[in-house]
Amino acid sequence: MSTDEEIRRGQEERLAAAWATPKGWRYWSAVNNSEVGLWYTIVAFVFFLFAGVLALMMRAQLAVPDNDLLSADLYNQVFTLHGSVMMFLFGVPIFEAFSILIMPQMLAARDLPFPRLSAYGFWSFLIGGTFVCGSIFFGAAPKGGWFMYPPLTTEYQDDIGVDVWLLGLSFIELASIAAAVELIVGILKCRPPGMRINMMPLYAWYILVVAAMILFAFPPLIAGDLLFEMERAFDWPFFDVERGGDPLLWQHLFWIFGHPEVYIIFLPAIALVATMVPTFARRPLVGYSWIVLAAVGTGFISFGLWVHHMYTTGLPAISLGFFSGASVAVAIPTGVQIFCFIATVLVGRAVASVPMLFVSGALAVFVMGGLTGVMVALAPFDFQVHDSYFIVAHLHYVLVGGVVLPVLGGIHYFFPFVASKKLSDSLGRVSFWLVFAGFNLAFFPMHISGLRGMPRRVFTYPEGYGWDVLNLLSSIGALILAAGFLVFLVDIVKTVAFGSISERNPWQAGTMEWLPTIPNPAWGVRTVPLVESRYPLWDQKDIVATYDRGGFFLPDAEEGKRETLVTGTIDAEPLQCLRVPGPTWLTHVAAAGTGGVFIFSTFHWWWMAIASGLVGLGFVLAWLWTGTATIPEKPEKDVGLGVTLPLYASGPKSVGWWAMFITMLGDMAAFSGLVFGYYFFWTIHENFPPEGTVGPGWRWPVLALALLLAAWALTLAARILNGRGHRTGFFVALPLAMALAVAGALALAAGPWFTGLDPTVNSYAATVWVLVVWTNFHLAAGLLMQGYCIARAAVGKLTPTYDIDIHNVALYWHFAAVTAVVTVATIAGFPLVD
Amino acid sequence: MGKGGRTRRERSGANSALGIRPGRRRIRPGPALPVPALLLSGCQGRQSVLDPAGRSAEAIADLWWVLLAGAAVVWLAVIGLAVYAVFARPNSHDLGKTRILIIGGGAVVPSVVLAALLVWSLHILPVVHPPVPEGGMKVRVSGERWWWRVTYLTEDGREIPLANEVRLPVGRATAFDLVSPDVIHSFWIPSLAGKVDMIPGRVNRMVLEPTREGVFRGACAEYCGTSHALMNFEAVSMAPADFAAWLERQAAPAEPPEGPVEARGLELFLGYGCGACHTIRGTDATGGLGPDLTHVGSRLSLGAGILPNDPEAFANWLAATHVIKPDVNMPHFGMLPEAEIEAIALYLDGLT
């Protein structure tokens with residue numbers, strides 16, 4: 001018995017050493033999910049409070065008619081920043097942050113597969129968010145509304161505010177996409193053995209759906225941002241009517257992102273509800289498959305409703321009918337989810353608790369937001385209330401009921417998990433009732449002021465239109481709401497400072513994040529359990545005891561490395577023992593360098609931006625070189641329970657390949673946004689290409705395509721040759737591929753260059769050039785990757801057996817080849833067919 | 001390019017800009033102007049979706065009341081069910097029945113209700129957004145930062161320019177062409193119909209048919225820059241005969257100044273170059289950048305629906321344009337002697 005005890009202690013010591021959080025100022029070099037996720041969550045919450053203060057400023061201004069507390073200009077900055085911060089710096093990041101924090105433990109993984117990517121994303125988020133928020137202290141905040149409609153923002157606001165918005169938020173969107181890739185791969189590949197995909201916690205399902213939505217919704221916005229910034233900085237006329245552009249192109253690209261965005265924010269909050277409801281109903285959620293279907297359905301439908309933000313732009317009746325239909329249809333999966341929760345409580349045994357109080361409040365508020373949502377989905381009603389205070393009321397009912405209240409409940413629920421202490425029940429109830437009452441007092445009257453004709457985004461209003469009392473009530477409500485948040489914050493500070501350590505699994509939940517002891521050591525998971533149920537803590541009798549004695553997988557860190565399991569996407573059979581990298585400063589410099597590109601570009605300091613970009617790139621390469629595709633000291637190891645797993649996997653078996661694949665899907669979505677622009681212009685113009693403008697012709701583009709396809713084929717050949725051990729073949733094929741890629745890129749640019757196509761002349765020329773630039777940018781990245789593989793092979797870090805790098809680069813080149821084919825077909829082929 | 005980019009910290013007076021130099025002005029009251037002041041104060045319902053006065057707005061208001069009743073029923077049902085679920089005895093309901101609840105309550109009932117609503121809303125679309133009638137008078141409204149350029153295109157081919165005010169014959173469908181030369185605006189008279197955006201490069205059409213006489217207020221509904229909140233207008237529906245008389249009056253050139261002060265006002269107006277941007281038909285002022293002022297004194301409000309129409313408001317506007325409407329294109333004339341401002345104000349006020 002005592003030897004068992006000694007073995008156990010030895011294991012725990014080695015695990016603790018491998019996963020130790022750095023001390024002192026090095027603490028900030030940590031990359032583990034428990035640190036990065038926590039910082040990420042706190043920072044997102046601070047941005048939320050900042051945007052809340054902006055909201056209070058607006059309510060102060062609108063408390064009485066004809067007020068002049070804020071100038072028109074400042075008010076416009078305040079409302080623009082309030083919306084932008086809430087959406088981009090709180091709504092999306094809070095869930096990525098929260099998921100980075102809890103997802104690994106929920107899946108009994110020690111960490112997500114790419115800890116340094118999480119860290120890079122977090123530091124990018126911090127830098128970009130501070131830049132965007134800080135602008136208001138210099139009176140330089142964006143003031144075009146969170147939707148930034150041109151031509152107001154392209155031709156009539158020539159200060160840097162718009163650029164702060166475009167570039168600062170593009171940077172953050174990249175961080176959001178990085179986190180989405182990380183979470184998708186984490187959920188698909190890092191589940192514990194036995195947790196088949198139909199046994200995942202619903203939280204994981206929701207996050208999977210949402211991360212996939214981010215992957216397809218954010219890139220079109222980034223494409224839009226690119227067009228926008230090209231117009232502002234270099235006068236490429238994408239939205240300028242005089243030169244064949246169209247402001248509605250931006251509206252389409254913005255809302256193709258903007259509507260899914262609402263569900264991207266809302267679904268994870270429902271995920272929290274789906275996590276808390278079973279715990280407090282003391283039974284599994286009723287209708288697991290219904291909920292999964294509904295979540296996936298919502299995700300799909302949400303991409304088909306963007307036009308309902310554009311009902312008043314003068315669309316034909318057929319479009320109004322189609323998008324009205326799609327918009328009301330999305331209420332159905334939402335209804336199914338709500339009824340599943342109610343049914344669970346009905347058949348279960350409801351336990352009163354503060355988290356459930358917040359969930360109940362969320363239901364009352366959200367259902368009302370949903371009902372007004374159905375109203376505004378109907379085009380005739382929307383004609384009246386669009387851009388009125390009715391919409392302000394509607395969207396806040398949706399987002400406060402569908403996000404803020406569940407998040408506050410979730411903070412109560414997960415506080416013992418994160419901080420090892422339980423928040424106060426009494427203060428929780430006080431804060432709930434203040435928030436709930438204050439919210440309704442603030443926002444319910446807005447329905448009426450909107451119906452009485454009060455437009456949105458007005459910095460003041462005259463007295464006597466029936467808006468005065470309603471606005472005063474709204475402002476009083478906002479103060480009460482703020483008081484509720486104050487109590488909430490006091491509770492947090494008080495608990496962290498004086499609270500006592502909570503018992504293990506304080507809510508008697510059934511999911512695995514509650515398996516570890518409280519407080520949980522830095523290793524995250526003592527041993528990776530074998531899962532046989534959706535609620536293992538309820539159904540698997542000995543799981544806690546076996547866990548505590550390290551009786552499952554990976555109970556030890558024999559080599560002192562950070563290790564976690566990779567399992568099959570569907571059946572979660574163990575595939576690989578993945579080693580993940582530890583603390584580093586490389587990601588910080590990489591994030592700062594990347595941030596510099598966006599921040600310096602805002603001020604048009606191009607040389608600084610380029611220099612900063614090179615620094616960022618250098619550090620990204622250093623991080624990849626030292627931290628990824630490391631050849632292990634032995635091919636495989638015993639992971640416990642009689643299972644031996646490889647320490648290295650490449651191709652579709654490796655997490656890196658999945659990450660590349662998923663990232664490139666997002667990249668294709670951005671590219672589609674640009675191609676959409678080309679065909680959008682074609683549909684609105686009678687002559688496109690316009691008469692008198694000579695396009696790139698077909699000879700140069702076709703030559704370019706031939707060269708690029710050859711480069712792609714040679715890259716593929718290099719991968720195969722390397723795998724078969726033909727080192728010489730590899731070293732011939734890859735440099736040749738690089739030479740052909742350079743020639744192809746030059747040929748692609750030669751077409752429009754030699755026909756003298758000037759991108760500032762009209763929207764056609766600008767669109768052709770933007771496709772060429774986009775493709776060539778991807779070729780440049782492809783060249784860098786090919787060079788990286790040659791260097792890796794030269795120093796023996798890439799061998800016939802250990803060949804992750806060339807697999808991923810070949811995969812990248814598949815997508816680069818598709819980009820080249822579509823670009824050439826569009827710029828050279830389409831004018832011939834048309 | 002534009003001037004929207006400047007960062008300003010001036011306190012905006014907005015509608016309370018009256019009385020910048022209170023008590024020091026001696027202006028005799030203009031002829032017959034009791035209406036505007038009255039309208040600008042006690043005007044609850046002039047801009048309300050719930051108090052419709054047009055065919056389109058009435059159809060939408062009917063839809064709203066049904067939606068409201070339905071939403072109240074659904075909300076009470078869902079919340080009632082949730083409350084019942086919390087307090088119901090554990091294990092008193094079996095799992096099979098809850099499936100019926102989920103499918104019925106979550107999918108079947110909503111599908112039926114939503115389909116019915118969708119059909120109804122599409123059915124009323126031709127009333128809400130009627131097809132544009134062939135021939136007849138047409139009104140072209142151009143949203144510009146931050147005012148409305150209004151042109152009546154009569155059946156006999158005349159173009160009658162005015163600004164910041166729209167008048168319509170009651171009981172008749174009038175077609176509108178909605179355009180913008182600068183940024184996106186949105187034309188909205190809640191009492192008559194929903195809004196339609198004014199988008200550069202496009203001509204959006206709408207039809208308004210007032211069902212009763214009245215004075216309503218319109219607003220720009222699409223955020224259009226610094227003074228978006230200050231871009232409003234008056235919309236009047238009149239008996240067809242009154243309307244015709246009004247339109248003829250608007251078509252006529254301005255009458256010569258009434259007295260010596262007004263004559264001095266016109267002289268100053270032309271002397272300071274106001275005519276470079278404004279037209280007063282019948283005088284040498286022929287500028288086209290700003291609003292046509294030929295009958296500005298006859299309008300119900302000034303500055304795009306933000307000031308009453310009286311000499312004092314004119315004077316204030318001239319002296320502090322940039323304070324009353326931040327970032328406006330018109331320069332202010334606060335540097336002029338007070339007497340000159342008063343003379344111009346009196347002249348303009350007399351342009352009925």
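The peptide bond leading from Ile518(A) to Pro519(A) is cis, with omega near -5°.

## Cis peptide bond in chain B

Trp146(B) sits in the loop between β1 (138-144) and β2 (147-153) of chain B, and the bond that joins Arg145(B) to Trp146(B) is likewise cis, with omega about -10°.

## Positive phi angles

Ala108(A), in the loop between α3 (72-106) and α4 (115-134) of chain A, has a positive phi near 50° although the residue is not glycine. Ala108(A) is buried at 4% relative accessibility, buried meaning under 20% relative accessible area, exposed over 50% and partly exposed in between, with a 1.4 Å probe and protein chains only.

In chain B, Asn164(B) lies in the loop between β3 (159-163) and β4 (165-169); Asn164(B) has a positive phi of about 60° and is buried, with a relative accessible area of 8%.

## Confidence and conventions

The complex has an ipTM of 0.94 and a pTM of 0.94 from the predictor. For chain B the mean pLDDT (the predictor's confidence in each residue, from 0 to 100) is 88, and 88% of its residues reach 70 or more, whereas pLDDT stays under 50 over residues 1-42 of chain B. Where pLDDT is low, the predicted coordinates should not be read in detail.

Residues are numbered from 1 along each chain as its sequence is written, and chains are lettered from A and ligands numbered from 1 in the order in which they are written. Local features need pLDDT of at least 70, side-chain atom pairs count only at pLDDT 80 or more, totals for chains, interfaces and linings use all residues, and side-chain values use heavy atoms, with hydrogens and water left out.

Terms used
Contact means heavy atoms within 4.5 Å. Helices (H or I, at least four residues) and strands (E, at least two) are DSSP runs, numbered from the N terminus.
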